[in-house]
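Thanks for sending this one over.

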Amino acid sequence: QVLLEESGGGLVQAGSSLRLSCAASGLSFATSAMGWFRQAPGNEREFVAHLRGRSGHTYYADSVKGRFTISVDKTKNTMYLQMNRLTADDTAIYYCAATKGQIILSALRTPTLYNYWGQGTQVTVSS
């Protein structure tokens, strides 16, 4: 059984930083495709970032590029999302997601291709 558990969300002021964590069991991030998505009220789930476990290559949504960093600690089997210079537009529930193997580049933003999801963690940025 694969379980993903996020932590690290909270309420912060605009301009602040937060780091989200996603601990996995039953799946190795070292050989998986993993990512972060977010969903604000009334909106569809939105791609944020992706990391390929084998190569370490990372990909980001334009809206977070240069501010957010996705990383993984393979020894802890934990993925992170470092979020800097947060704005009110970043307010959402953040979900970690993963799937075994690899997702083709053109499909990284497709939520349905990720087989495993965490329960989500709320990030609220006050302006």
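The points below go from the sheet to the disulfide, the core and the aromatic rings.

1. **Ground rules.** This is a predicted model, in which local features need pLDDT of at least 70 and side-chain atom pairs count only at pLDDT 80 or more, while totals for chains, interfaces and linings use all residues. Residues are numbered from 1 along each chain as its sequence is written, and side-chain values use heavy atoms, with hydrogens and water left out.

2. Strands here are DSSP runs of E with at least two residues, helices are runs of H or I with at least four, and both are numbered from the N terminus. Two strands pair if DSSP finds at least two bridges between them.

3. **Strand S8 and its partners.** S8 covers residues 78–83, and five of its six residues are buried. Buried means under 20% relative accessible area, exposed means over 50%, and partly exposed lies in between (1.4 Å probe, protein chains only). On one side, S3 (residues 18–25) pairs with S8 in the antiparallel sense over six bridges; Leu18 stands opposite Met83, and Ala23 stands opposite Thr78. Six bridges also join S8 to S7 (residues 68–73), again antiparallel, with Thr69 opposite Gln82. The hairpin of S7 and S8 has four residues between the strands, and Asn77 takes a positive phi near 50° there.

4. **Ser21 in S3.** Is Ser21 buried or exposed? Its relative accessibility is 15%, so Ser21 counts as buried. This serine lies in strand S3, and its C-alpha atom is 5.2 Å from that of Ser7, a residue 14 places away along the chain. Leaving aside neighbours within four places in sequence, Ser21 is in contact (heavy atoms within 4.5 Å) with Glu5, Glu6, Ser7, Trp36, Thr78, Met79 and Tyr80.

5. **The disulfide.** The structure holds one disulfide, a term used for a pair of cysteine sulfur atoms within 2.5 Å. The bond joins Cys22 to Cys96, with an S to S distance of 2.1 Å. Cys22 lies in S3 and Cys96 in S9 (residues 92–100), so the pair ties together parts that are 74 residues apart in sequence. The torsion about the S-S bond of Cys22 and Cys96 is about 60°, so this disulfide is right-handed. Both Cys22 and Cys96 are buried.

6. **The nonpolar core.** Which residues have the most contacts inside the largest nonpolar core? They are Phe29, Trp36, Leu81, Met83 and Tyr94, in a core of 37 residues. Such a core is a set of buried Ala, Val, Leu, Ile, Met, Phe, Trp, Tyr and Cys residues joined through side-chain atoms within 4.5 Å. The elements that give two or more residues to this core include S4 (32–39), S5 (46–52) and S11 (121–126), and S9 gives the most, with five residues. Beyond neighbours within four places in sequence, the contacts of Met83 include Leu18, Leu20, Phe68, Tyr94 and Val123.

7. Rings of Phe, Tyr and Trp (its six-membered ring) pair if their centres lie within 6.5 Å; planes under 30 degrees apart count as stacked, over 60 as edge-to-face and the rest as tilted. The count by this rule comes to five aromatic pairs. The rings of Phe37 and Phe47 are edge-to-face, because their centres are 5.8 Å apart and their planes stand at 75°. Phe37 lies in S4 and Phe47 in S5, so this pair ties together parts that are 10 residues apart in sequence. At 0% relative accessibility, Phe37 counts as buried, and Phe47 counts as buried at 6%. The rings of Phe37 and Tyr114 have centres 5.1 Å apart and planes at 80°, so that pair is edge-to-face too. Tyr114 sits in the loop between S9 and S10 (116–117), 77 residues from Phe37. Ring pairs link Phe37, Phe47, Tyr95, Tyr114 and Trp117 into a cluster.
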